[in-house]
Amino acid sequence: MQVDRSCVVSSVCFLLLFSTLSTRITGVGGTHQSIPPSVVKLWASAFGGEMKSISAKYSGSQLLQKKYKEFERAVRVEEIDGLRLVKRLAEDMEEMFHKKAEAMKRLVEAAEEAHLQHEEDPDLQYEYFNAVLINEVDEEGNSVELGGEFLLQPNDHFNNLSVNLSLSVVQVPTNMYNKDSAIVNGVYWSEALNKVFVDNFERDPSLIWQYFGSAKGFFRQYPGIKWKPDEHGVIAFDCRNRKWYIQAATSPKDVVILVDVSGSMKGLRLTIARQTVSSILDTLGDDDFFNIIAYNEELHYVEPCLNGTLVQADVTNKDHFRVHLDKLFAQGIGMLDIALTEAFNLLSDFNETGRGSECSQAIMLVTDGAVDTYDAIFAKYNWPDRKVRIFPYLIGRESAFADNLKWMACANKGYFTQISTLADVQENVMEYLHVLSRPKVIDQEHDTVWTEAYIDSTLDDGQGPVLMTTVAMPVFSTKNETRNRGILLGVVGTDVPVSELLKTIPKYKLGIHGYAFAITNNGYILTHPDLRPLYGDGKKRRKPNYSSVDLSEVEWEDKEDALRNAMVNRKTGTFSMEVKKSVDKGKRVLVLHNDYYYTDIQGTPFSLGVALSRGHGKFFFRGNVTVEEGLHDLEHPDVALADEWTYCNTDEHPEHRYLSQIEAIKMYLNGHEPHLQCDKELVQEVLFDAVVTAPLEAYWTSLVLNKSENSDKGVEIAYLGTRTGLSRINLFVVPDELTNHDFLTAEDKEGVFNADHFPLWYKRAAEQVPGTFVYSLPFNIGSENKSVVLASTAIQLLDERKSPIAAAVGIQMKLEFFQKKFWTASRQCAALDGKCSISCDDENINCYLIDNNGFILVAEDYTLTGKFFGEAEGPVMSKLLQMGSFKRVTLYDYQALCWVYSESSDSGHTLLDPYFAVFSAMKWLLTELVIFLVEFNLYSWWYSDLTAKAQRMGRTMQVPCDTEYPAFISERTIKENTGNLDCDGCIKSFVIQQIPSSNLFMVVVDNKCDCGMFEPITMDPIEIMYNESLKCERLKMQKDRRRPDSCHPFHPEENSMECGGATGLSPSLTATLLCVLLALIPR
């Protein structure tokens, strides 16, 4: 009997356990019942049916589908030949770039001829238009010197900035004298450029700024514009420190910087040394390589991890070294012989690896003196070829060791300068660039250079600063008497907005998810829809490393860099891979399979790529209607064309700039403007789309007229967009009553046709099953309930998988209206007696409406609207992931910014504090202090670039970092599911049911159990932390890059005796004779 009783007890226990797992508590009295899936399915079906009816009715989707079907026999579907397309685009870009380069050639020729005819006059007096002083008057109302009346008029081509299209202006850096003889002479002869500036602009009206940056420091800019100092009254701009100038003036170089940190360098000298090194780093670009070694009686690589190698001088690496520079301190004895030996060996070994510039080589020596000339070291490592130039920078006012340092420079084709104060740094550092430019000048090689992408704030287009590239060419002295001195006169350049490149790209040929992109010879992005150079409020702050974002950081699924390396090496070919594209501010993900096509752009360092998504993205169709039909329907008031697409080139001729694209198309088709260039194919297709979509205008109008007082008052807008960038909008309410005024305007950047993307609602609709609507709403709207829901669907041309998407239509409705429909549907039940077993009104259950990415559209708690479901119901979301109803997709962001707290410390940053500077100066001898106070330019020191770092100390700041973050996507094949969760002995049940004909799911959750022990699931990004070893490997890692085609390291006719000097410097006779002797030694 004992055994039988045990069996009975066990059976009862099992039944009780089973009952517990399969039921839920629904009332205080302890009644148990499960969530009936059939009831949830009924609710979902009722809500889905009503929303489909409303969305289809007001969007006109069925009518538009029918209209395209009527034209099915009249259209021709073509598969896009990606390789042919990318080659044609590259040819178009090559032609555009060539026009800019030809304009620069004309400037070079004019500048060199003007200089050739000019005789230098040290007493020359010449009044010119100074960019800062024009239109300025004194207290008596008279024009100030170098000012004068300068006519300025707003010009739409220059974003309505006030400019003078007849004249240029001259900017002189704040720390230079406006009427210095060398500057006045240069300004005088370069006046000849004015007529060439104007002629260039007339030949190519798409040109923007043209300029000449003089080696003397002044900057001539066309069209003339007034420059305004910053809030401190300073204009820190020096053209010679800009990348376009340095790149055009010199050849690529490998540089080792030696910094003396012996005891004699304490105090202000070390501060000046740091600033000198930082200024040298400013002159290095992406084609250069460098390392910094500090020395006393021992060698100290500033970054120990990079012992024995050089790294590319990109922004990230230079900033990394600047941080380490601040950690230097002075002590011990300086052993320069050890440092020089290390530098020569380092350059030699690195050159043999084939990874550097393989062009010019230099050693920069920053020290307060040298006790010897170290000729034995130079004889061993550098003579007679003298392939490594030596550039000594003597820090401080003492000249005791100046002879030795100048001898080193003269004996090794370098240049010697002395830097006494911080104000001297920039001007003296610049001298080495003119030495490196000599071989190129003597060769008379006018290499055309193109810079990487950078941001120009002067042409803010209302949507933030503009991304640019610059084409530049050097200008040389052609006078015979100065030939062997290799005198660089300066550099001419013009800016090319990246948007100009995008205008040459037919977006309609690339499909909904397709895009074009371009990279530099270093693999850095010139243009790519996923490049995010700006951040902060209004997206107007530049990221520190925005100009050196590598292609592999946005196309990160290509783990082997196969696509990147092929493009860097100027190859033509194809590549395919599955990609995960984040959209909607990174909250959603589209999983696509892309085919890539790439080739190089001749005459530039750039390579072009095109990405086409498989499926509908690989197909294009051509329709055909008469011009009369098309123009009639194109001119309707509800029609708009994509602002950033080029149907007709209205920039080519000034008289066309005021035309809208529709006006330009009309003039083109009527033959009134023979000089107007239009994309004939795109114009034909937009006419076709205008005709096919025209019936919707009448349809929407009839809905407005027949709309009763109380029916569907929540629907506010109907809209459509087609593959040609044509859109139509109809308002069902007066504009003032719109809930969301930004939708379909320029403010809503993701919601409109753009130069590099289709609208977000169009993209998402295209990836849904045909006939279904995609519902979405803005994120994190909170409890205000003032937002809207968008519902959109794609219109396919054919009933097959490879059919192109012809258009997408949709509606905007009030969120409140949408939610009411949901709650009404959730009160329905199939019980004959009308008593529902369950309702969303019950306190014991929570009902949610979520989309296919897991975001909440409807919840009883309005504050959850727009938030991720995992934040509200973490354990349920976790179970849905386990069951396969949703899947997690891991995404990476290699352009992220992370917040860090930067504490104040006694590091080198404190040297930038003026109080600390005074304290340091007091350590000097009394005489040194007096000289310092008299000559030191405290103003320029206070406002140096490095001060920005000091100002950030002691507070949080954003720094570049890598992050990973999740996105979630529903599994289409799983329409419904049920599940249970064990919350510490309490069983929580839930039901999920897909809403028919939509991307939505209803989730009903039992809320009786406290599941607080489970963490919520969030979408917060997590910083990828690299250990020290991995950090070091990442620093050392050098991706494939292609060197510039030209290199000018030396010239046999070069006069190496132009090697610098110093005040009061009297080199010894022996040293001078030895320098002359070495200069005569052939290479």
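Task: Classify Cys 239 as buried or exposed.

Solution. Cys 239 has a relative accessible area of 0%. Buried means under 20%, exposed over 50%, and partly exposed in between (1.4 Å probe, protein chains only). Cys 239 is therefore buried.

This is a predicted model: local features need pLDDT of at least 70 and side-chain atom pairs pLDDT 80 or more, while totals for chains, interfaces and linings use all residues. Residues are numbered from 1 along each chain as its sequence is written, and side-chain values use heavy atoms, without hydrogens or water.

**Exercise 1: disulfides**

Task: State how many disulfides the structure holds, then describe the link between Cys 410 and Cys 1059.

Solution. 
- Step 1. There are eight disulfides (cysteine sulfur pairs within 2.5 Å).
- Step 2. One of them joins Cys 410 to Cys 1059, with 1.9 Å from S to S.
- Step 3. Take the handedness. The S-S torsion of Cys 410 and Cys 1059 is about 75°, so this disulfide is right-handed.
- Step 4. Helices (H or I, at least four residues) and strands (E, at least two) are DSSP runs, numbered from the N terminus.
- Step 5. Check accessibility. Cys 410 is buried at 2%. Cys 1059 is buried at 2%.

Task: Find the handedness of the links Cys 840 to Cys 847 and Cys 986 to Cys 1009.

Solution. 
- Step 1. The sulfur atoms of Cys 840 and Cys 847 are 2.0 Å apart. Their S-S torsion is about -95°, so the link is left-handed. Both Cys 840 and Cys 847 are buried.
- Step 2. Cys 986 and Cys 1009 are joined at 1.9 Å, S to S. The torsion is -70°, and this link is left-handed. Cys 986 lies in strand E39 (residues 986-994), and Cys 1009 in the loop between strand E40 (1000-1006) and strand E41 (1022-1023), 23 residues away.
- Step 3. Cys 986 is partly exposed at 25%. Cys 1009 is buried at 7%.

**Exercise 2: salt bridges**

Solution. 
- Step 1. A salt bridge puts a side-chain nitrogen of Lys or Arg within 4 Å of a carboxyl oxygen of Asp or Glu. The whole structure has 51.
- Step 2. Asp 204 and Lys 100 form one, with the closest N and O atoms 3.1 Å apart.
- Step 3. Asp 204 and Lys 100 are both buried.

Task: Locate the salt bridge of Asp 689 and Arg 723.

Solution. 
- Step 1. The N to O distance between Asp 689 and Arg 723 is 3.1 Å.
- Step 2. Asp 689 belongs to helix H19 (residues 680-693); Arg 723 is in the loop between strand E29 (715-722) and strand E30 (726-731), 34 residues apart.
- Step 3. Both Asp 689 and Arg 723 are buried.

Task: Name the residues in the network of salt bridges that includes Lys 509.

Solution. The network links Arg 76, Glu 78, Lys 509, Arg 622 and Glu 681.

**Exercise 3: a kinked helix**

Task: Find where helix H13 is kinked.

Solution. 
- Step 1. Helix H13 (residues 425-443) has a kink of about 40° at Ser 437, shortly before Pro 439. The bend is the angle between axes fitted to the seven residues ending at a residue and the seven starting there.
- Step 2. H13 is mostly covered, with 14 of its 19 residues buried.
- Step 3. Just after H13, Gln 444 has a positive phi of about 55°.

**Exercise 4: a sheet and its helices**

Task: Give the strand order of the open six-strand sheet, then its edges.

Solution. 
- Step 1. The order is E26-E30-E29-E33-E32-E31, paired antiparallel. Strands pair if DSSP finds at least two bridges between them.
- Step 2. Strand E26 (639-641) and strand E31 (774-776) are the edges, each pairing on one side only.
- Step 3. The twist averages 20° from one strand to the next. Axes are lines fitted to C-alpha atoms, for helices over the stretch in contact (heavy atoms within 4.5 Å), and angles run from 0 to 180 degrees between N-to-C directions.
- Step 4. Antiparallel E29 and E30 are joined by five bridges. Tyr 719 has Ile 729 in E30 as its bridge partner.
- Step 5. Helix H2 (residues 37-59) lies across E29, E31, strand E32 (788-796) and strand E33 (805-814), at about 115° to E33. Helix H20 (residues 695-706) packs on the sheet and touches E29, E30 and E33, its direction making about 10° with that of E30.
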